[in-house]
Amino acid sequence: MRTIVSLILALAAATVQAFEVTVVHGKRTISGVVTFAEEGANYCFIHTDSGEWWRVGLSPSETMPHVGDIVDVSGEVLRQTVNNRIDWCTLAVTGHDEHAVPAYEEVTVSQLHEHPVYGTQVPDRFARLLAFSGKVLDINRRLTAVQMIVSDGAKSASVTFSMPPDEPLPKDLKIGATVRVKGGYSYVTLSDSKNRGAFCGISQPTLMMMSVRDLTVLSVSPFWTPLRVWLALGLAAFILLLLLIWVSVLRRTVARQVKVIETALRERAVAEGERRERLRLSHDLHDDFQQLLSGSLFRITAALNWMADNDIGRAQAQLEKARNDLVHTQSQLRAVLWGLKEESEGPSALVDLFRYAAGRMAHWAGKVEIVSSGHEPHLARTIAGALLMILQEAVGNALRHGKAQHVKVHVDFDGERLTLRIIDDGSGFDLVNHPVGLGLSGMEERARSLGGRFKVLSEIDHGTCIIVEVKV
């Protein structure tokens, strides 16, 4: 194990030594073409006739050359320098040839972190012209310069360029945008303090652009940045919370209003029920009772007059007729009162309820026939009661006014529809000129209260047919 470690350390030392000896320290003169020159800076990059790349630090008295100038440079290569860097140089321009400037080498951000010292088979790209693309992670604008952090997803590098403070950045240059940059490459050297400052790596790889024109925005930053997503989610959560609170308050308010409305509807239903009941009673207790009672009163008065004249026979005849009228009135009134309570008495089936009612009406005996067809569904008691009152009124009219000898009641059940037909062989009447009394209007009112239809067919001397259609 110790042998392997020793071998690895020896190879690493040999690699470092091999890299260090490529730089000749001391006074040095080089010739080549200027590849990178930034206005206002005190350094430039040169590509020599022998193919080397150098960073040239100029003496304060020297003037910055231009890209494409052919120059002779004399300066000092310091002993601590581990790459092609020469400082305190004097410079003489001997010509100009922009075509001699090498093309930019296309690399990735990750390749900027590679170096021969790591044992990789790559050149040292220090002072070379490079170009790469990446995503902008950060933009830091200083007084006269701009620094960006650009990443390819794996590694990141710094990109710097000069810009006056009053000049705006390119419109689409924002965090998240994808850019392509080109310029001269530099880095900070890492040294091993335990090994006499031996070079052991690079840090802070930096691409220095000559101007903002060397930057191209390939794609703008997406609108939905992580910060905006979190802000949107926070805003949505806040709105949702407000909505839930509003819904809760609204539900309570609606619940209170529903209670108020239900109370009002119940009170209105009670009032409406009382109104309908009074209307029904007015339909049932119509002019017949008044006529019968008035006639009875007239006959009793006449009987008293005949008795005063000692005409007992005539007085007895008038009293007998008055008694018959009162008995008839009693029977009719009993029928009305029976109708008030029979909605909750008798059989539950409609046809059986009709037959039960007919059996309790003595003057219907032998005159009223009740038949049915179809399957009878279960009916609400309110519907059965209303139809029973229509039947009672129709049969009563047929027997009293139409002098009918036979009334046929037909109940037809057809799915969700019930059809009630009441057909008599009475005298009938003229539908056009006959006044609509309380009897007919009462039956129509009850039919409409059930959501049904009411129809009357009649001809003089040909009887009457009353038809009621109701959904069940």
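**Note on the structure**

1. Strand 15 and strand 17 are paired antiparallel, with 8 bridges between them; strands and helices here are DSSP runs (E, at least two residues, for strands; H or I, at least four, for helices), numbered from the N terminus, and two strands pair if DSSP finds at least two bridges between them. Within this pairing, Leu 418 lies opposite Val 470 of strand 17.

2. The model is a predicted one, in which local features need pLDDT of at least 70 and side-chain atom pairs count only at pLDDT 80 or more, while totals for chains, interfaces and linings use all residues. Residues are numbered from 1 along each chain as its sequence is written, and side-chain values use heavy atoms, with hydrogens and water left out.

3. The protein chain contains 7 helices and 17 strands. Of its 472 residues, 36% are buried, where buried means under 20% relative accessible area, exposed over 50%, and partly exposed in between (1.4 Å probe, protein chains only). Of the contacts between residues at least 6 apart in sequence, 65% join residues at least 24 apart, a contact being heavy atoms within 4.5 Å.

4. Strand 15 also pairs with strand 14, antiparallel and over 8 bridges. His 410 faces Arg 421 of strand 15 across this pairing.

5. Which residues touch the most other members of the largest nonpolar core? They are Phe 354, Leu 387 and Val 409, in a core of 38 residues; such a core is a set of buried Ala, Val, Leu, Ile, Met, Phe, Trp, Tyr and Cys residues joined through side-chain atoms within 4.5 Å. Elements that each supply at least two residues of this core include helix 5 (350–359), helix 7 (438–449), strand 14 (407–414), strand 15 (417–424) and strand 17 (464–471). Helix 6 gives the most, with 10 residues. Beyond its neighbours within four places in sequence, Leu 387 is in contact with Leu 350, Phe 354, Leu 418, Leu 420, Leu 450, Val 468 and Val 470. A second, separate core has 34 residues, among them Phe 45, Ala 127, Leu 129 and Met 209.

6. Strand 10 (residues 178–192) has several antiparallel pairings. With strand 7 (residues 129–141) there are 7 bridges, and Gly 134 has Val 179 of strand 10 as its bridge partner. With strand 12 (residues 215–219) there are 4 bridges, and Arg 180 is opposite Thr 216. With strand 11 (residues 198–208) there are 8 bridges, and Thr 189 is opposite Ile 202.

7. Ser 186 belongs to strand 10. Is Ser 186 buried or exposed? Ser 186 is buried because its relative accessible area is 13%. Residues up to four places away aside, Ser 186 touches Phe 126, Gln 204, Pro 205, Thr 206 and Met 208.

8. Ile 46, in strand 2 (residues 43–48), is also to be noted: its relative accessibility is 0%, so Ile 46 counts as buried. Among the residues that Ile 46 touches, not counting those up to four places away in sequence, are Val 33, Val 34, Trp 53, Val 56, Val 71 and Val 73.

9. Two residues deserve a check of their backbone. Most residues other than glycine have a negative phi. Trp 88, however, has a positive phi of about 55 degrees; Trp 88 lies in strand 5 (residues 85–96) and counts as exposed at 61% relative accessibility. Ala 127 has a positive phi of about 75 degrees. Ala 127 sits in the loop between strand 6 (105–106) and strand 7 and is buried, at 0% relative accessible area.
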